[in-house]
Amino acid sequence: MATVATDLYEVLGVARDATEEAIRKAYRGLAKKHHPDLNPGDAAAEETFKRVQRAYDILSDAEKRRQYDAGEIDAEGNETPRKYYREYAGADGADAYGNAAGFEDFGDIFADLFRQRGRGGQGENVHVRMRGHDVRYTMEVPFAEAVNGAKKRVTMPDGQALDISIPVGVRDGQVLRLRGKGGPGLGGAEAGDAYVTVHVLPHARFRREGNDIHVEVPVAIDEAVLGAKIRVPTVAGAVTMTVPAGSNDGSTLRLRGKGVPAAGGGTAGDQIVTLRIVLPKEPDDELKAFLEGWRKDNAYDPRAGMEGGR
């Protein structure tokens, strides 16, 4: 039977001095491999995914990583027990819990708990309220969903499903706050929050700059010379665009309002289209003959002035 790693660095397969980037890279690879959505019905993969997620939640947070390395929290993120006991005895056999003298350096709520018991007697019920702890996750979002917004269901480390609304125009690295989706509160106190860092996946065709989206579109030589109406892809679907006659390779056209949609009623970005003239894979004899005849009377040098590095 295989041994399950309990050390967080072993879970991610990185060294203890690993950089943040190395930790992030290791997490992404393992999360994709073991994600429950990609391994339906595989209990072992689901359990591995939970351990990987818990490890990353701690090691990707600088303060939590410091606490873990110092032994202040365990692999689950819980505080490790600390003893503040010292020897004490009373000739009169007084109750050791009658005051807080038998304990020292309680810098948290438990010191108050013992003091309250000392003042009120052991028969008094002590109600402790403590807000739940915050949790942090990372989530990869496809380019189009980041631009247009989406609803995502993700699997939490504890196996529960969480529905997340991806806002329109979310940026790479943006952190979403989910109120009340963190750890449960103590004594009826409110739950903590969940913070989700969004990583926008690159697109094979589109590129975002601010709220504008850039795309390169191939055009035939006749479309560039004579002009044409062509279909152009956008993140919201294809639209018709006019290519002006005499367009050159590298010419840019602007589709207003076809970039990143406006959030909250603002102005949407534009889509910037760069034309790329593409010749036929095998020009036919008629095209060759035409160009040969055209070149005799209309030849020009598009590289004029480039000699000498000027």
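The model is predicted, so to speak of local features we need pLDDT of at least 70, side-chain atom pairs count only at pLDDT 80 or more, and totals for chains, interfaces and linings use all residues. Residues are numbered from 1 along each chain as its sequence is written, and side-chain values use heavy atoms, with hydrogens and water left out.

Strands here are DSSP runs of E with at least two residues, helices are runs of H or I with at least four, and both are numbered from the N terminus. Two strands pair if DSSP finds at least two bridges between them. Step back, and you will see an open sheet of four strands in the order β6-β7-β11-β10, with mixed pairing. β6 (207-209) and β10 (252-255) stand at its edges with a single partner strand each, so one side of each is left without a neighbour in the sheet. From one strand to the next, the twist averages 35°; axes are lines fitted to C-alpha atoms, for helices over the stretch in contact, and angles run from 0 to 180 degrees between N-to-C directions.

Now turn to another pairing, that of β1 with β5, which is parallel and spans seven bridges. Within it, Tyr137 stands opposite Val196 in β5. Strand β1 (residues 135-141) is largely enclosed by the rest of the structure, because five of its seven residues are buried. Buried means under 20% relative accessible area, exposed over 50%, and partly exposed in between, with a 1.4 Å probe and protein chains only.

The loop between β4 (175-178) and β5 (194-200) holds Asp193. With 4% relative accessibility, Asp193 counts as buried. Its side chain makes a polar contact of 2.7 Å with that of Arg177 (a pair of N or O atoms within 3.5 Å; within protein, one must be able to donate a hydrogen and the other to accept it, and residues adjacent in sequence count only if both atoms are side-chain atoms). Not counting residues up to four places away in sequence, Asp193 touches a group of residues including Arg131, His133, Val135 and Gly180, where contact means heavy atoms within 4.5 Å. Gly187 is found in the loop between β4 and β5 too. Gly187 and Met130 are 57 residues apart in sequence, yet 6.7 Å apart in space, C-alpha to C-alpha.

Our last stop is a pair of helices. Helix α3 (residues 43-59) packs against helix α4 (residues 62-69) at an angle of about 100°, with their axes 6 Å apart. That makes α3 roughly perpendicular to α4, a label for angles of 65 to 115 degrees; under 35 counts as roughly parallel, over 145 as roughly antiparallel, and the rest as oblique. Asp57, Ile58 and Leu59 in α3 meet Lys64, Arg65 and Tyr68 in α4. Asp61 caps the N-terminal end of α4, with a side-chain oxygen 3.0 Å from the backbone nitrogen of Glu63. Just after α4, Gly71 takes a positive phi of about 80°.

For the overall picture, the chain has eight helices and eleven strands, and 27% of its 310 residues count as buried.
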